Amino acid sequence: MILNKVYTLVFLRNEQQILLGLKKRGFGVNKWNGFGGKVEPKEEILDAAVRELKEECCMSVRKHNLKNIGNLQFTFEGEALMMDVRVFSATSFVGDPEETEEMLPKWFDYDKIPFEDMWLDDKLWFPYLLKDKLFYGRFHYQGYDKILNYTIQELNSM
Ligand code: 6OG
């Protein structure tokens, strides 16, 4: 039986740049990523997205400014867990990004996104995110550095 766990992943954007965080510990350590984590039992997904963003880089966003732009499903060979990741983007937010125990935030120009230091799947779906297109992707990993198979598609609605 596969255990499904829901996660959030939030990207803040402006005209020129996207905010990424270098994960300092735990799953995905030393990789740049958006901000997010596990949705707690009984917690609404949007509440979790707002909470994780605040906890990880001290930025504030209102729920109605979060656009659910993607859904990513990750499985790992030999593991009974499916990570069901709800991806959000926002262009309205408040605060200055601050380093926390979890993340080191940094703004990146769109042509300088550090894909070589990110999850392998990111370069496959970032084009959708950056063009503001809705997407669904499913990736099956062997370990953390090899994708055995994947599908990705643009969606008309989430
Ligand atoms: P915590 O364990 O820190 O939540 N996540 C992934 N993000 C990308 N870009 N690629 C992956 O490929 C990912 N797997 C998980 C979901 C983990 C955070 O990392 C995201 C969460 O935002 C395998 O609580």
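Here is a short tour of this structure, stop by stop.

Before you click around, know that this is a predicted model, where local features need pLDDT of at least 70, side-chain atom pairs count only at pLDDT 80 or more, and totals for chains, interfaces and linings use all residues. Residues are numbered from 1 along each chain as its sequence is written, and side-chain values use heavy atoms, with hydrogens and water left out.

**Stop 1: the whole chain**

Show the protein chain as a cartoon. You'll find two helices and eight strands. Helices (H or I, at least four residues) and strands (E, at least two) are DSSP runs, numbered from the N terminus. Trace the chain from that end and the order reads β-β-β-α-β-β-β-α-β-β. The radius of gyration is 15 Å, close to the 15 Å that the globule rule gives for 158 residues, so the chain is as compact as a globular protein of that length. (That radius is taken over C-alpha atoms, and the rule is 2.2 Å times the number of residues to the power 0.38.) Along the principal axes, the C-alpha atoms fill a box of roughly 40 × 40 × 35 Å.

**Stop 2**

How much of the chain is buried? Of its 158 residues, 43% count as buried; that means under 20% relative accessible area, while exposed means over 50% and partly exposed lies in between (1.4 Å probe, protein chains only).

Now colour the charged side chains: 21 are positive and 25 negative, and the centres of the two sets lie 3 Å apart. Here Lys and Arg count as positive and Asp and Glu as negative, leaving out His and the chain ends; each charge is placed at NZ of Lys, CZ of Arg, CG of Asp or CD of Glu.

**Stop 3: Cys57 and Cys58**

Select these two cysteines. A search of the whole structure finds zero disulfides, a disulfide being a pair of cysteine sulfur atoms within 2.5 Å. The sulfur of Cys57 is 6.8 Å from its closest cysteine sulfur, in Cys58, which is too far for a bond. Buried or exposed? Cys57 is buried, at 0% relative accessible area, while Cys58 is partly exposed, at 27%.

**Stop 4: Thr8**

Finally, pick Thr8, in strand β1 (residues 3–13). Thr8 counts as buried, with 3% relative accessibility. What is it in contact with, beyond neighbours within four places in sequence? Its partners include Phe35, Val39, Ile45, Glu52, Arg86 and Phe88, where contact means heavy atoms within 4.5 Å.
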